[in-house]
Amino acid sequence: MDWRTIIYVILLVSLRVAKALPRTSQDIEAKTSIGQRFSQLQEKNFKPMALILFAQYVPGGTFGRAAAMAEGVTALARRCAAEASNSPDCLKPLDKIFLDTICQEENLPLSADCCAKKDPERNDCFLSLKNSSRGFSSPLERPDAEAACRNHSQHGQPLTGYFIYEVSRRHPFLYAPTILSVALRYEEMMENCCASAEGPSHHVEECFRRQAPKVVKPVREDALRQEHTCGILKKFGERTLKALKLAQISQKFPQADFVTVHKLVVAVADMHQDCCRGDTLHCMRDREEILRWVCSSQHVLSSRIQQCCEKPLLQRSECILSAENDDKPAGLSPLVREFIEDKGVCERFAQEKDMHLARFLYEYSRRHPEFSAQMLLRIAKGYEDLLRECCKPGAPSGCRNRGEEELRKHIYETESVMRTSCDIYKEKGDYYFQNELLMSFTKKMPQLTSVELIKFTKEMTTIGSKCCQLGQDKLLPCAEEHLDLVLGQICRRHLADPINPGVCRCCSSSYAFRRPCIGKLEIDESYVPLALTPGLFAFHGDLCTSEEEQLQHRKQEMLITLLKYKPQISPKQLGSVTAAFAAMRERCCREANPEACFLQEGPELIKRSEKMLSA
C-alpha cells in the first residue's frame, strides 16, 4: 500500500465544493452513504480512516481488534459500493455504522454501558470515554534500531498502520489530518534511516535519534493546541471562543468585510464544538469544508494564501495558519472613533449588544496585527465596560471620551511587561532567566511539583528565546499567544488537581485577563511551608557532574525546595545561601571522595543557612 497516496487522496476527495458557510457536517454525512464514501476514497484509502476512528473511539482496545473492525466496515462499504445497494445497512449514517460495529464486538473495554444506550446518547457516551490526558509515547522508541528496520523491511505497510493506530489511541481527540501527516513523516523516517541499515548500527541509531523528533513533535504541538482550544471552550464557553477566533481571523484577513469574517468565525467555532466533543467524522468533515470555502473565497479573504490553496488539502491548514497576515486596507485609521463618538452608539449597543461588540473587535483587530489576540479581547472587554457605564441613564456627558485614555494606558502596561521580560532574558540568558521564573512561580504556586515547575518555566524560557529577538510589531503576538498555551496547561492542571485559591481565581474569572492576573499573583499565603527534615536537603556526588545541563537541573530542584521551605526568603538571603552552597560544592568536588565531603559538609551548610534565614 502506498501510504503517501493514501494520505493525500483521502483528504482531497470532495463530496461537493462548498459555496457558503456555515453548513453542518451532520447534514453532509447524512446525505453520504458508506458506499458513496467508499467509491470516492477507494479501499486503500477508506481503511486507514476507519482504523483511526476505531482507535480513537476505543483507546483501550488492541491494534488487532481495531484492524479487524476496520476490515469489517471496509467489507460492508465494498459491498454497498459494488451493488449500489439500497439495503438498510448501506443507508445507515456513517457514525451509526461505526458504533454498531464497535457494539457487535465482545468484551471491548468500557463499551457495554454505552452500547446499551440508544442514539444519540450512545454516541455521547462513547465520546465521554475518550481520554485526552494520555501522554504520547512514540511506538518507534525501541531499544534496538536494527530490529525496528528489520520489522519495517518485513512488515512495512502493517507497521505504518500500527503507527497510525498508536498515535490515534493515545490522542483520541487529535485531528485525523494531523495523524495522517505524521504517518507520512514516519514512513519517510523509516525509509531514510533503514536505507543505511547495512552500515554500522550506530549510523541507524543516530538517524532515528535525529529524525524521531520531527515525527513526534508535531503530534505533541497539535495535541497541545487542540487541548488548549477545547479548554477555552469548556471553561469560558462559545462566546469567548468566537471572540478569540474573530480577533485572530480579522488580523489574518484584514481586507475581508465583517459579514464574511463573521461567517467564517461561526463555522470555525462549530467545527471546534464537534472536534472538542471528539466527534472524529464530523470534525474532519467540518475542517475539509472550511478549507475548501476559504480557498474558493480567496478574492474576498486574502492575497497571501494562493500558494497554500495550491497544496494538497492535508497541507493547507498548517500553511494558512502560518501565512503572513494580509496587508491592511489603505487609509485605515489606528483608532475607531466612530464607536465612541457616534450619537447612536448606545442605541446600537442596547439593541444588538454582541453584534455591536463583534464589529468593534473586528475593526480594531484588523487595524492592529501588532497586538496579541488576548490583548484585543481585553480591549474589547474594556470597551464593553465603558458602554455599560456610559450608556446608563444620567451618565455624565463626555463619559465615553475617557475610553481612549484608558486604552492607551492598557497598551502601555502590556507592552512594558513584555519589554521588561525580554530585557531580563537578554541580560541573563536561558538558565538564569528560568531561575527568575522559578523563584516567581514557586512562590505563586508552591503546590506544583519540581517537575511541573521546571517544565512550565522551561517552556516560558523558550518563548523568550523565540520572541524576544523579534521586532516590536511581532513581539506581543508571539510572546502572549505562546505564553497563553503554557498558562492554559497550568489552568488545566488546576482543574484536574486544584493548586490554590489565587490560581483558581485567575483560571476561572476571565480568559482574556488570565495572563495579567497570574502575573500579579504574589506569595501564596495559604501554603504551609515544608518542615526541615533530615532528608529535605540532600547533597551527593552527582553535584560534581561535568554535564552542565544535569547540574543545572539539580540546582534548580534544590532552589525550588529552598523556596518551598522559606517562601518569604529575601533576595539578599537567597544570595548568601547560594554563595555558601557554591563554596561547599567547589570544595567537595576537589576532594578525592566528594560523597564523604558532602556527607560531612552538608549538615553544616544547613545549620549556617538556618542562621542566615532567621536573621
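Predicted model: local features only at pLDDT ≥ 70, side-chain atom pairs only at ≥ 80, totals over all residues.
Next, select Asp119 and Pro120. The peptide bond between them is cis, with omega about 5°. Pro120 sits in the loop between α8 (111-115) and α9 (121-129).

Move to Tyr364 and Phe539, which touch the most other members of the largest nonpolar core, a set of 114 residues. Domain 3 (418-520) and domain 4 (541-614) each supply at least three residues to this core. Show the neighbours of Tyr364: leaving out residues up to four places away in sequence, its contacts include Pro334, Phe371, Leu407 and Ile411. For the second, separate core, of 57 residues, select Leu51, Met69, Leu108 and Val182, which are among its members.

Now display the cysteines; the structure holds 17 disulfides.

- Cys295 and Cys309: the sulfur atoms are 2.1 Å apart, and the link is left-handed, at -85° about the S-S bond. Cys295 lies in helix α14 (residues 280-296) and Cys309 in helix α16 (residues 306-309).
- Cys346 and Cys391: the sulfur atoms are 2.0 Å apart. Cys346 is in helix α19 (residues 345-351), while Cys391 is in the loop between α21 (373-390) and α22 (402-444), so the pair ties together parts 45 residues apart in sequence. Cys391 is partly exposed, at 25% relative accessible area.
- Cys506 and Cys517: the sulfur atoms are 2.0 Å apart, and both residues are buried.

Finish at Cys504. Its sulfur is 7.7 Å from the closest cysteine sulfur, that of Cys507, which is too far for a bond.

How values were computed. Residues numbered from 1 in each chain as written. Heavy atoms only, no water. Helix = DSSP H or I, 4+ residues; strand = E, 2+ residues; numbered from the N terminus. Core = buried A, V, L, I, M, F, W, Y, C linked by side-chain atoms within 4.5 Å. Buried < 20%, exposed > 50% of the residue type's maximum accessible area, 1.4 Å probe, protein only. Domains from an automatic or database assignment. Contact = heavy atoms within 4.5 Å. Disulfide = S-S within 2.5 Å.
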